[in-house]
Every structure is written in structure tokens, then in C-alpha cells.
Amino acid sequence: MSLKIHRVAVLGAGVMGAQIAAHLAAAGVRTHLLDLPSEAPHKDPKIAAAIGKGFRSTAAYLAIENLKKLKPSPLASESILANLIPGNFADDMSVIADCDWVIEVVAEKLEIKKSILKQISEYARPHIPVTTNTSGLSLEKMSEDLDENFHSRFFGTHFFNPPRYMKLLEIIPHTRTDPKLIKDLTDWIERYLGKGIVYAKDTINFIANRVGTFSITSAFVHMEALDLNVETVDALSGKTVGRPSSASFRTMDVVGIDVFAAVAKNVGKYAPNDPYVSVFTPPKWIDELISRGSLGQKTKSVGIYKKETDAKGASTILAYRPKEDKYVEQAPETFPWQEEAKKIPDTIERIRFIISHSDKGAKFIWLTLRDTMAYSAILLEEIANNQPLSIDNAIKWGFNWEWGPFELWQALGYDTIRDRMIQEGVKLPDWIKPGVQFYKTVPNSLDWHINGPRSQLLGKTGKDLPVIRSEHSFYLPKSKNAVDKRSLVLGNGSASLVDIGDGVAALTFHSKMNSINDEIIEIFQASLAKVKTDFAGLVIANDGEVFSAGADLKQILGAIKDNKFDAIDNLLRRFQGTMQALKYATFPSIACPHGLTLGGGCEVSLHASEQIIAGDTFAGLVEVGVGLIPGGGGTKELALRAYAQAALGENADPMPFLQKAFLLIGMGKTSTSGLEAVEMGLYNHAKATVTLARDFQVLRAKKRILQLVENGYQPPVPQSKIKVVGDAGIQTFNMAMINMVQGRQISPYDALVGEKVVTVLCGGEIDAGQFVSEEYFLDLERRVFLELCHETKTQERIEAMLKTGKPLRN
């Protein structure tokens with residue numbers, strides 16, 4: 001890569017600017033956050049004292065402090081704040097001269113942006129990218145007063161809010177921008193910020209906001225025509241059709257009703273010839289909510305919905321009734337197809353089933369999907385250079401839809417949908433003729449899941465453009481029905497071993513929530529044997545939403561109820577044995593945790609040689625929540641690490657290290673990011689790497705495997721002489737837990753589970769100073785796990801977790 005980014009200036013310390021800066025900081029980039037200067041110290045003496053002599057940068061300082069309060073948190077860890085440097089436009093513009101990228105994120109007003117860009121041009125080094133984060137203002141007008149050199153390095157980088165969590169980044173080239181500079185920066189952004197890049201034309205609201213906003217304003221139109229209430233609309237336009245649970249109106253409350261309305265009205269202002277321009281005008285009751293300051297979450301959760309809390313602290317979410325101008329208890333309508341639709345796991349098949357009905361709920365779904373598909377086709381040339389994939393990716397990555405409008409249209413049956421649109425008099429562009437294929441590969445087919453779209457139809461040109469797969473793309477099957485037999489080495493319904501090239505194999509799970517069950521252990525064992533003879537190393541990864549939500553609790557609960565404790569013991573022995581075989585394999589292994597990496601899933605990742613951890617990893621050994629302990633070697637691993645850390649010092653006391661391990665297990669602590677998972681001690685920082693670019697996770701793991709092999713990988717040696725603290729350590733922990741019970745911080749049963757955890761960590765009920773083996777720890781782990789399985793309250797906790805998804809405190 002020819003472009004290296006080590007230092008960035010972000011100009012504009014509003015909520016968006018500060019969050020962009022935080023995302024850069026999480027990638028290890030030193031980031032200057034600049035805003036307007038303050039003329040005097042802050043009125044609050046505590047704030048003024050904290051800022052000190054740098055009071056002229058108060059706005060940026062407060063923006064950085066505010067990052068700690070935002071939900072969801074924009075911070076991968078508070079440690080990244082060290083990479084954020086506050087400054088101001090009057091005193092600190094000179095820092096731009098040392099920056100490798102400058103991002104303008106000031107207020108969405110053309111004259112303000114033009115003014116700050118002029119100042120940037122005076123300081124920025126030649127040939128470094130200068131970009132604007134705008135939701136839809138014209139780049140041509142923004143830069144019209146600047147010279148040719150500036151034009152060549154100026155373009156748009158539209159981050160989506162919140163930047164830490166939203167994958168989409170729209171790139172908006174200026175007519176005179178250097179294409180190589182754009183490519184160099186987008187390559188860097190993909191690799192280090194983890195963004196999905198979509199190229200948009202310099203049109204109002206670009207791609208995602210144009211289409212996504214339309215889908216919601218269209219919902220207003222059909223809601224009124226069909227006489228539906230707001231909560232019914234959200235029930236119909238969320239998970240049911242493969243969209244987030246925030247659906248339509250909850251999304252508006254999250255974004256801000258005023259912000260949404262402004263984006264929608266921009267179409268009427270700047271694109272008066274849009275064929276659906278009238279749809280973009282929100283109903284009058286939205287303007288009334290804005291005028292009274294009911295803007296959604298940012299106004300104490302009063303918007304289209306209203307959160308009320310009673311004297312006991314119980315909260316209720318009320319829904320707005322525009323006709324009565326009041327908030328009432330939610331009363332979503334029900335429809336005859338809903339129960340059957342819930343049984344259909346595939347979103348395409350579910351939608352096909354629903355739109356075959358004629359009630360007003362089904363009509364609403366059809367009409368809103370229909371309008372969005374038709375609108376996307378009409379605008380394809382204007383906003384997306386005739387590329388359907390740009391619109392599909394923008395809407396999936398920017399609004400978290402499962403399927404983009406063109407993918408959905410083709411998957412449902414292109415001609416069937418087109419004919420129905422024509423029968424209903426829907427306006428369509430001339431190129432939407434019978435038999436058109438947006439993609440040569442049928443969306444939702446096996447070929448689509450394996451290879452993605454091979455080519456896309458460039459709209460009215462009639463030409464097919466090949467879609468070139470990125471070097472980081474690896475096919476990892478998400479289900480037993482989506483396995484590519486060409487790369488499959490072995491597999492069953494819950495897991496597969498696939499060949500990812502260059503002598504490296506990948507073990508991927510595809511059980512429900514990728515939970516660890518008998519089938520996964522079976523394939524795991526077979527995979528270790530196969531890799532030993534036929535491959536250089538093993539990557540453990542998957543393309544699901546979660547790495548693994550843990551062990552299969554239904555299997556354990558069934559065995560408890562049937563008094564089949566021998567079956568549980570056998571399961572634990574197999575799980576522990578498999579993890580030991582992974583840890584001490586003669587070949588290197590890299591685990592790639594992402595999303596939920598809990599319980600048994602976390603234990604799998606701990607036993608790999610190294611980990612490449614996604615930034616969005618929420619990892620933890622959480623078994624105590626169901627009255628158990630980590631029984632697949634997880635408790636043992638944290639104990640061994642604690643004793644190893646103590647052994648590094650001369651006569652060092654292991655107890656502080658064991659206390660840290662106990663807090664991780666006994667409190668069921670879960671990380672809020674991959675970085676935090678390392679910082680809190682769950683993963684060994686010497687063997688773990690965090691990446692924000694999940695799309696590159698498997699590629700990096702593969703390259704690391706090959707590097708380890710090239711360097712002569714040697715497996716660790718099993719430990720046979722571990723000096724433990726024994727019964728004395730157990731008693732010390734127990735005294736602390738007795739005090740916590742007396743102080744009502746934990747329940748008596750929490751204390752019992754905690755006692756079992758420390759029994760393993762401390763090495764069992766033996767004298768302090770005795771030496772034990774790693775195998776001894778595994779025996780202890782199994783013994784304690786089985787003891788807890790006999791407890792009635794453990795069964796109650798497992799049942800509660802399976803029923804509600806939440807731990808029971810009994």
C-alpha cells in the first residue's frame with residue numbers, strides 16, 4: 001500500500017466528528033480533534049481545572065469526554081483516548097501539516113464547510129487526502145473556490161452513525177479527484193477501519209440515505225392509506241422482512257426525528273424532479289412533534305415513542321397516536337399469517353409467503369417493498385452509476401438490511417414481481433424488461449452464498465460488469481445446506497472443515513448460534529487429525545453473526561433432567577480432550593472470535609495458538625450465569641496463566657493474579673470490544689491481535705499461520721509442576737464472598753458457585769505449595785461442574801436462560 005496513515009486531523013467535534021475520531025483512535029491512529037476556540041475558561045470550575053491552560057480547546061475536550069457517556073459506546077476501550085488530541089481552529093490548524101489525512105466534519109452548512117476547507121488548503125501537505133463527511137451537500141459547490149491542486153485530492157467520505165458499528169462508508173469522488181488517491185485511501189480504510197466501501201455520485205443524500213429514507217417515508221404513505229398505527233408498522237417493517245428490530249419509526253427516534261425530516265426534505269429542495277418527491281414530505285404530525293421538541297431518544301426518549309417510568313422503576317414504552325395527539329399503550333394489530341411466518345427461518349421464503357396474502361398487514365409489506373424496489377431501479381443511473389450492487393451494499397451496510405432491493409427483487413422472482421408492479425400501475429424505467437437479471441447468480445442460491453454475485457447488470461446500458469472477489473474473501477459455509485463441495489474436506493450438520501488454500505484449513509461452525517454440541521466436537525476431533533496429516537495449520541472462524549454463543553444448554557439440561565450425569569462427564573471429557581489436542585497440536589492454530597464469543601465458544605478461542613480478534617467481539621466466560629463454571633478447559637487456562645504470571649517474579653504471590661481470573665469467571669464479565677477482551681486479561685496480549693477489519697480477519701489468520709510455519713512453529717509443552725495456593729487460597733476467597741452475601745451484593749447461591757470456581761483456580765482442597773499437573777486441573781474442573789449440575793438452582797438457572805435469554809438470580 002502506497003498510502004500510510006499514522007496521524008489524522010478531524011475538524012469538527014460534534015457528535016459525529018468525535019465518534020469518527022474515536023474510531024480512528026481505535027485503529028491506533030493519533031488523531032487531532034479540532035473545533036471552535038473558547039475565549040474563556042469553562043464556567044464549571046471542575047471542568048476548567050481539568051482542562052487547565054488549554055481552555056481554548058474546551059469544545060474538543062468536552063467532545064472527547066462526552067464519548068465516555070454515549071450509548072452504544074463509541075469507545076473500543078477508554079485506553080484509546082490517549083490517541084485523541086483536542087485542539088481548536090484558531091491555535092492548532094498548523095498540526096494539519098503533520099497529518100496524513102484531513103477529515104472535515106463541521107456543521108452541514110455549505111458556507112461553513114467552504115470556509116473551513118479554505119483554511120485546510122493553506123496547511124495540508126500536497127497530495128494527502130482531504131475529505132468531507134457530509135450527508136448530501138454538493139462537493140462541487142463546496143470546493144468551487146479552491147485551486148486545482150486541492151480539487152485533485154478532495155472527495156467525500158460519508159461515515160454512517162455510529163461509525164464504530166456501521167460498516168458503510170460512502171465514497172463520493174469529486175469530478176477532478178485523483179482516482180489513485182481515492183483507491184489508496186479506500187484500500188487503507190477497508191484494511192484498518194473495517195469499512196465496506198460504496199462509490200456514490202455527487203447527488204443529494206447520495207445512495208443509502210436516499211433509498212433508506214424513501215423506504216421510511218413510503219411507510220408513512222401506506223400507513224395512512226391502510227389505517228395502521230405506528231407500532232404495527234414497526235412490527236411489519238423490522239425482523240419480519242429482514243431488517244433491524246428498530247424498523248421504521250424506532251429508527252427515526254434513534255436518529256432524531258428532526259435529523260430524519262431534514263434529510264427527507266432535502267430531496268424536495270435539491271431534487272424537485274424526483275418522481276417520488278411528494279413521498280419525501282413527512283406528514284404534518286411529524287413537524288408538530290419537531291416544533292414541540294419531541295425528537296426521540298435525544299429528548300428524554302420522547303418522540304414517536306415515549307418511555308415512561310413508574311414509581312417502582314418499571315418502564316413502559318408508549319406509542320404516539322397522531323389523530324388523537326396523545327401517547328397510548330401499544331396495541332399492534334395481528335394478522336392471520338404471522339404465526340406461520342415465524343416458523344419460516346429463511347427471509348426470502350418468509351416474505352414470499354407473506355405477500356401472497358391480501359390482508360392490510362401483508363399489503364403494507366408488499367407496497368413498501370414494491371415502492372423501494374421500483375424507486376431503486378428508477379434512480380440506478382442517477383445515484384449509483386448504474387450499479388445495482390452499490391445500492392444493495394449501501395442499504396445493507398448503512399441500514400442493516402439483510403437484503404438489498406435488487407437482491408430481494410431477483411430472489412423473489414424477477415418476472416413475478418415485475419408483472420405485479422405493472423398490473424398495479426407502478427412507474428418503472430424502460431430497461432426493466434421481461435427476463436432481466438440484475439445478477440448472473442441468483443440471490444439466496446447455493447452459488448450466491450458460495451461465490452457471491454459473479455456479475456451485475458449495468459442498468460439501461462444492458463451490459464454485465466464482472467464482480468471481482470476481493471483477496472480477503474473466503475467462503476465459510478453458514479449452514480449445512482450451503483456447503484461448497486469443492487472446498488469441503490469433511491463436515492456434518494453443525495461444522496465443516498474447508499480448504500482455504502496454501503495448505504491452510506478452516507474449521508467453521510454452523511449450528512444454531514454456533515453453539516458447541518456433540519457434532520461440533522466430533523468434527524473438531526476429526527479436523528485436528530486431518531490437519532495434522534494434510535495441512536500446515538488451522539484457522540477457526542465463521543461467517544455467522546456470532547463466533548459461538550457457548551455450549552448447547554439444551555443438551556446439558558436434558559441430561560440433568562434424565563439424571564444422565566455420566567453423559568455430562570463424557571461430554572466434558574471429550575470437550576476438554578479436544579481443547580487439549582488443539583492446544584498441543586504439532587501445527588499452529590488461529591482462532592478468529594467476533595460478535596458473541598461466550599462460554600464454550602470463548603474456551604475454544606483460548607486454546608488456539610493465537611487469536612486474531614475482531615473489534616466487535618463480546619467475549620466472556622459467562623457460565624456462572626447459569627450456575628455452572630467453564631468446563632471445557634477455560635477455568636484451567638486462566639488458572640495456569642495466573643500461576644505463570646506469578647512465577648515471573650521472585651517469590652511472587654499468585655493471589656492477585658488469581659483474583660483477576662476469579663473476577664473474569666466469577667462475575668461472568670463480558671468484554672464490550674476485542675480490545676477490551678485483551679485488556680481485561682481474557683486473552684494473552686502476547687498472542688492476541690485485534691483488528692477492526694473483520695472482512696480481513698481470516699486472511700490475516702491464514703497469513704499468520706504460514707508465517708508461524710515458516711518460522712518453525714513449536715507447540716507448547718504440557719505443564720506438570722504447577723505450585724498452587726490450595727485450601728488456604730480457597731478460604732481467603734470464601735471469606736470475601738461471605739461478606740458480599742451479608743452485604744447483599746450476591747446471593748447465597750452465587751457464593752456457592754463462586755466457591756466452586758475458586759476451588760479450581762486455587763488447585764483444590766490441598767495444602768498450599770503443593771505441585772499439581774495440568775491434567776489435575778481438568779479433573780477438578782469436571783468434578784466441580786458435575787457437582788453444580790446436581791444443584792436444583794442450577795437447573796432453574798439453565799431453564800430461565802433458555803426461556804428468557806437472561807440469567808436468573810436465585
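## Salt bridges

The side chains of Arg 210 and Glu 382 meet in a salt bridge, at 3.3 Å from N to O. A salt bridge here is a side-chain nitrogen of Lys or Arg within 4 Å of a carboxyl oxygen of Asp or Glu. Arg 210 lies in helix H8 and Glu 382 in helix H15, so the pair ties together parts that are 172 residues apart in sequence. Helices (H or I, at least four residues) and strands (E, at least two) are DSSP runs, numbered from the N terminus.

This is a predicted model: local features need pLDDT of at least 70, side-chain atom pairs count only at pLDDT 80 or more, and totals for chains, interfaces and linings use all residues. Residues are numbered from 1 along each chain as its sequence is written, and side-chain values use heavy atoms, with hydrogens and water left out.

Glu 382 is partly exposed, at 35%. Buried means under 20% relative accessible area, exposed over 50%, and partly exposed in between (1.4 Å probe, protein chains only).

A search of the whole structure finds 49 salt bridges. One of them joins Glu 148 and Arg 176, with the closest N and O atoms 3.4 Å apart. Glu 148 lies in helix H6 (residues 148-152), and Arg 176 in the loop between strand E7 (168-173) and helix H7 (179-193), so this pair ties together parts that are 28 residues apart in sequence. Lys 306 forms a salt bridge with Glu 308; the closest N and O atoms are 3.6 Å apart. Arg 370, Asp 371, Arg 420 and Glu 424 are linked in a network of salt bridges.

The table gives the accessibility of four of these partners.

| Residue | Relative accessibility | Class |
|---|---|---|
| Glu 148 | 47% | partly exposed |
| Arg 176 | 36% | partly exposed |
| Lys 306 | 24% | partly exposed |
| Glu 308 | 37% | partly exposed |

## Nonpolar cores

A nonpolar core is a set of buried Ala, Val, Leu, Ile, Met, Phe, Trp, Tyr and Cys residues joined through side-chain atoms within 4.5 Å. The largest has 106 residues; Leu 11, Ile 304 and Trp 409 touch the most other members. Helix H15 (residues 360-384) gives the most to this core, with 14 residues. Apart from it lies another core, of 83 residues, among them Phe 524, Val 604, Tyr 749 and Leu 780.

What does Trp 409 touch, leaving aside its neighbours within four places in sequence? Its contacts are Met 373, Ala 377, Tyr 414, Ile 417, Arg 418, Met 421, Leu 428, Ile 432 and Phe 438. Contact means heavy atoms within 4.5 Å.

## Helix H12

Helix H12 spans residues 284-291, and its buried residues are Trp 285, Ile 286 and Leu 289. They cover an arc of only 105° around the axis, which puts them on the same side of H12. The arc is that of the directions from the helix axis to the C-beta atoms. An α-helix has 3.6 residues a turn, so residues three or four places apart point the same way.

The face turned away from the buried side carries the exposed residues Lys 284 and Ser 291. The cover over the buried residues of H12 includes helices H8 (208-226), H9 (230-236), H10 (249-255) and H11 (257-270), with strands E10 (315-321) and E11 (326-329). Just after H12, Gly 293 takes a positive phi of about 80°.

## Single residues

Glu 407 is found in helix H17 (residues 405-423). At 1% relative accessibility, Glu 407 counts as buried. Leaving aside neighbours within four places in sequence, Glu 407 is in contact with Asp 392, Lys 396, Glu 402, Tyr 439, Pro 443 and Trp 448.

His 23 sits in helix H1 (residues 15-26). His 23 is also buried, at 4%. Beyond neighbours within four places in sequence, its contacts are Pro 163, Arg 164, Leu 193, Lys 195 and Leu 692. The C-alpha atoms of His 23 and Pro 163 are separated by 6.8 Å, although the two are 140 residues apart along the chain.

Ala 567 belongs to helix H21 (residues 565-583). At 39% relative accessibility, Ala 567 is partly exposed. Its C-alpha atom is 8.9 Å from that of Ile 556, 11 residues away along the chain.
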